[in-house]
Amino acid sequence: LIEDKAGYQAAFLRYVAPWADKVKAVNCPVDIWHGSADGWAPLSMSQALVEAMDGRANLTICDGLAHYTTLKQELPAIARGYFSASPKAATP
């Protein structure tokens, strides 16, 4: 990244760019998993996303888990839900 300062800057600017208007364009079901002890992203952010998606999003709050511990602990459940809902799951 240090060698490609322009690329790093472009990636960073995309990361912090306003995206709220893009949420309304999502037209598929979305599952949001959020740890109640997340110190990086406030729970209100996930709640606002769910509200902005007008019923297309489901929020699962993981009691006592932080940002990365939510992923580490809940990944098996997330994967089970994804693969059981995926049309490809039934295909060998």
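This report describes a strand pairing, an aromatic contact and a loop residue in a predicted model.

Strand 1 (30-35) and strand 2 (57-62) pair in the parallel sense, and 6 bridges connect them. Within this pairing, His-34 stands opposite Ile-61 of strand 2.

## Aromatic pair

The structure contains 1 aromatic pair. Its members are Trp-40 and Tyr-68, whose rings lie 5.3 Å apart, centre to centre. The angle between the ring planes is 85 degrees, and the arrangement is edge-to-face.

Trp-40 belongs to the loop between strand 1 and helix 3 (43-52), whereas Tyr-68 is part of helix 4 (residues 67-85). The pair therefore ties together parts that are 28 residues apart in sequence. Trp-40 has a relative accessibility of 64% and counts as exposed. Tyr-68 is also classed as exposed, with a relative accessibility of 52%; this value can be read against the cut-off, because exposed means over 50%.

Most residues other than glycine have a negative phi. Asp-54 is not a glycine, yet its phi is positive, at about 50 degrees. Asp-54 is located in the loop that runs between helix 3 and strand 2. The relative accessible area of Asp-54 is 58%, so this residue is exposed.

Key:
Residues are numbered from 1 along each chain as its sequence is written. This is a predicted model: local features need pLDDT of at least 70, side-chain atom pairs count only at pLDDT 80 or more; totals for chains, interfaces and linings use all residues. Side-chain values use heavy atoms; hydrogens and water are left out. Rings of Phe, Tyr and Trp (its six-membered ring) pair if their centres lie within 6.5 Å; planes under 30 degrees apart count as stacked, over 60 as edge-to-face and the rest as tilted. Helices (H or I, at least four residues) and strands (E, at least two) are DSSP runs, numbered from the N terminus. Buried means under 20% relative accessible area, exposed over 50%, partly exposed in between (1.4 Å probe, protein chains only). Two strands pair if DSSP finds at least two bridges between them.
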